[in-house]
Amino acid sequence: MKITAEGILNAYAQGAFPMADDRGIIRWYTADPRGILPLDAFDPPRSLRQLWKRGKFEIRIDHGFRAVMTACRERRLDHTWISGELIELYCELHRLGFAHSVEAWHDGKLAGGLYGVAMGAAFFGESMFHYETDASKIALFALVERLRERQFDLLDTQAVTQHLKRFGAIEIPSDDYLRILHEALAKTRTFN
């Protein structure tokens, strides 16, 4: 069965997300426990807050969506779950206004960023990368600020890594996640 952009949105609404295996075949996954980054608990280190205030990086939204996805794919040459087909599907979601990139630029060049999908008051973070130190962290900082300003309820990280734990990410049981997800999806928010 062919995977469509609409199918990806339906999967997110049910708590699933796509990943390609080593052969490029897209499969659906869920996580229990589920990783989230509570927006009110986001706590960047002091050094990152200072870097944010200094404005070393210019933040752009949706300026280079495909470039961000491609960089996320290429950051791990040994294995990636981002297939060419997924890039095309997410670019379609971007054209439809659901997928977004938050980018950190320095001296006119893309230095780091992240991408994900916004639905209702939920943002599903997918992947991040950096070419310059701290650029992806600044992009995450910018994402959280944007979601707070626009009164989003949920920043889904799928899993919790040591990197995300430093910013306040936690794991919650799948049942709790699905309750929060459905409440967030019932609301209307605008990412842009």
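Helix 1 and helix 4 are roughly perpendicular to each other, a label for angles of 65 to 115 degrees. This comes from a predicted model, in which local features need pLDDT of at least 70, side-chain atom pairs count only at pLDDT 80 or more, and totals for chains, interfaces and linings use all residues. Residues are numbered from 1 along each chain as its sequence is written, and side-chain values use heavy atoms, leaving out hydrogens and water.

Here are the two helix pairs. Helices (H or I, at least four residues) and strands (E, at least two) are DSSP runs numbered from the N terminus, and axes are lines fitted to C-alpha atoms over the stretch in contact, with angles from 0 to 180 degrees between N-to-C directions.

| Pair | Angle | Axes apart |
|---|---|---|
| Helix 1 (residues 5-13) and helix 4 (residues 84-95) | about 85° | 9 Å |
| Helix 2 (residues 46-54) and helix 5 (residues 135-149) | about 80° | 10 Å |

In the pairing of helix 1 with helix 4, the contact (heavy atoms within 4.5 Å) involves Ala5, Ile8, Leu9 and Tyr12 on helix 1, and Leu86, Leu89, Tyr90, Glu92 and Leu93 on helix 4.

Helix 2 and helix 5 are likewise roughly perpendicular to each other. Here Leu48, Arg49, Leu51 and Trp52 of helix 2 meet Lys137, Ile138, Phe141, Ala142 and Glu145 of helix 5.

Terms used:
Parallel < 35°, antiparallel > 145°, perpendicular 65-115°, else oblique.
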